[in-house]
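Here's a quick tour of the side-chain contacts in this one. Have the viewer open while you read.

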Amino acid sequence: MSPAASSRIEKDLLGALEVPAEAYYGIQTLRAVQNFRLSGVPLSHYPKLVTALAMVKQAAADANRKLGHLSAAKHTAISTACARIIQGEFHDQFVVDMIQGGAGTSTNMNANEVIANVALEAMGFEKGEYQHLHPNNDVNMAQSTNDAYPTAIRVGLLLGHDSLLASLDKLIQSLAAKGLEFGHVLKMGRTQLQDAVPMTLGQEFRAFATTLGEDLQHLKLLAPTLLTEVNLGGTAIGTGINADPQYQKLAVERLAIISGHPVTPAADLIEATSDMGAFVLFSGMLKRLAVKLSKICNDLRLLSSGPRTGINEINLPARQPGSSIMPGKVNPVIPEAVNQVAFEVIGNDLALTIAAEGGQLQLNVMEPLIAYKIFDSIRLLSRAMDMLRELCIDGITANEEHCRHLMENSIGLVTALNPYIGYENATRIAKIALDSGRGVLELVREEQLLDDATLADILRPENMIAPRLVPLSA
């Protein structure tokens with residue numbers, strides 16, 4: 001190939017193709033690009049997956065070098081290429097669509113070809129001169145797509161897991177801070193969208209923080225349990241064919257050091273090559289988090305509804321005009337967007353679940369969809385939680401006087417008076433209040449069922465929002 005050439009010729013099982021001269025990928029990647037024009041989302045969209053692929057290839061090269069199967073020159077060149085990819089270079093060369101046939105072979109070959117061509121240039125050769133260093137013979141030595149690809153998915157998830165946890169933790173802290181800020185704001189709690197009993201706005205926001213905190217703890221424990229067991233070394237179906245007997249142990253040890261995560265060899269490589277259960281469970285936890293986030297956003301939209309004809313207990317930060325026809329309208333766009341992210345994550349979980357079930361015999365060929373959906377869920381959730389915190393939660397304010405007014409005029413307030421005036425009196429007062437539109441406190445005072453001092457004591461915030469049953473007088 002001359003320096004001015006715009007393409008190079010590469011050959012494979014099916015024949016020859018012209019590969020763009022500047023491309024670090026090769027013919028098998030090009031075929032995949034031509035075949036799979038589906039999601040429009042390339043591997044490069046998920047940098048942690050690309051980095052993980054390079055880490056797996058580095059670990060394999062280290063093991064093969066130590067066992068004497070890879071020359072020092074080739075090992076150095078491959079290591080240099082992998083290091084550059086891990087540092088963020090050449091990610092734009094990972095061009096295969098996330099959804100692809102072949103159980104991830106196109107992804108694996110995309111990595112093999114890019115690493116080979118970067119390595120060839122480091123050795124002083126031209127891209128495509130595979131007689132000096134080959135994508136399959138050297139970069140893919142002692143590997144199959146069926147062990148390298150699922151291992152890379154797990155490592156990629158481990159690499160991205162911390163950012164998900166960080167986004168979740170920051171959101172929890174923001175909600176907890178609002179819980180403290182609104183700790184004195186009395187309001188009416190609601191069940192089935194009907195008035196229930198008094199509480200504080202702070203309790204409501206603390207409950208949001210608590211429920212997400214539970215998921216944070218589960219996710220912290222779940223990832224190390226589910227994702228650190230890898231099938232690297234199993235090659236095609238878990239038997240380890242074409243790998244040195246000592247290769248698996250060495251490669252996994254190296255991968256643990258390179259990735260910084262305590263990956264371990266799977267106990268049964270044949271089972272580990274076909275089973276997708278870890279991804280199903282992890283995705284299920286992501287779905288659970290999405291459901292909780294969506295429920296919180298539903299509540300925020302209800303609590304801020306109005307402003308004149310709704311609940312209007314809180315104010316969400318105004319982020320953009322809400323209508324092209326209704327002047328002055330401002331919509332709860334941030335919670336609405338989070339709702340939609342949650343729906344997408346729930347859909348991703350269903351697609352992943354069906355893909356996990358759809359495998360046959362010793363391999364699950366649907367792994368590309370599994371990888372796509374789980375990485376997509378993590379990306380969406382992380383961004384949605386950051387957006388919710390920064391553009392909504394941190395700026396929420398309370399309409400304190402309105403909250404108290406609604407509470408004091410609510411029929412639900414009679415529940416707090418029930419231990420003092422009795423169930424029959426409480427029921428009668430509630431009915432009169434409903435029929436007449438008058439307030440519960442007004443009616444209790446009118447009938448002199450309780451004096452002002454007792455009412456004031458009952459209505460003290462600390463007595464309204466926690467267990468309290470006054471003993472009967474002798």
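## A one-turn salt bridge

Let's start with Arg 379, which is partly exposed at a relative accessible area of 22%. Keep in mind that this is a predicted model. The side chain of Arg 379 meets that of Asp 376 in a salt bridge, 2.6 Å from N to O. Both residues sit in helix 12 (residues 367-391), three residues apart, or about one turn of the helix. Asp 376 counts as buried, because its relative accessible area is 5%, under the 20% cut-off.

## Other charged pairs

In total, the structure holds 25 salt bridges. One of them joins Glu 10 and Arg 8, at 2.8 Å from N to O. Glu 10 is buried, with a relative accessible area of 3%, and Arg 8 is buried too, at 4%.

Which residue forms a salt bridge with Lys 74? It's Asp 138, with the closest N and O atoms 3.3 Å apart. This pair links distant parts of the chain, as Lys 74 is in helix 3 (residues 72-86) and Asp 138 in helix 5 (residues 135-139), 64 residues apart. Lys 74 is partly exposed at 22% relative accessibility, whereas Asp 138 is buried at 8%. There's also a network of salt bridges linking Lys 187, Arg 190, Glu 204 and Glu 313.

## The hairpin

Strand 3 (186-191) and strand 4 (residues 194-200) pair in the antiparallel sense over five bridges.

## Aromatic rings

The count of aromatic pairs comes to five. Phe 182 and Phe 205 make an edge-to-face pair, 5.5 Å centre to centre with 70° between the planes. Phe 182 lies in the loop between helix 6 (145-181) and strand 3, while Phe 205 is in helix 7 (residues 201-227), so the pair ties together parts that are 23 residues apart in sequence. Are these two phenylalanines, Phe 182 and Phe 205, buried or exposed? Both are buried.

Elsewhere, Tyr 46, Tyr 372 and Phe 375 form one aromatic cluster. Tyr 24 has a charge over its face: Lys 127 lies there, at 4.5 Å from the ring centre.

## A nonpolar patch

On the surface, Val 291, Phe 343 and Ile 346 form a nonpolar patch, with about 260 Å² of accessible area together. Phe 343 belongs to helix 11 (residues 333-357). Phe 343 counts as exposed because its relative accessibility is 51%, over the 50% cut-off.

Key. Residues are numbered from 1 along each chain as its sequence is written. This is a predicted model: local features need pLDDT of at least 70, side-chain atom pairs count only at pLDDT 80 or more; totals for chains, interfaces and linings use all residues. Side-chain values use heavy atoms; hydrogens and water are left out. Patches are made of residues with over 30% relative accessible area and no salt bridge: like charges are joined within 9 Å, nonpolar side chains (Val, Leu, Ile, Met, Phe, Trp, Tyr) within 5 Å. Accessible areas come from the Shrake-Rupley method with a 1.4 Å probe; for residues, only the protein chains shown count as cover. A salt bridge is a side-chain nitrogen of Lys or Arg within 4 Å of a carboxyl oxygen of Asp or Glu. Helices (H or I, at least four residues) and strands (E, at least two) are DSSP runs, numbered from the N terminus. Buried means under 20% relative accessible area, exposed over 50%, partly exposed in between (1.4 Å probe, protein chains only). Rings of Phe, Tyr and Trp (its six-membered ring) pair if their centres lie within 6.5 Å; planes under 30 degrees apart count as stacked, over 60 as edge-to-face and the rest as tilted. A charge sits over a ring if NZ of Lys or CZ of Arg is within 6 Å of the ring centre and within 35 degrees of the ring normal. Two strands pair if DSSP finds at least two bridges between them.
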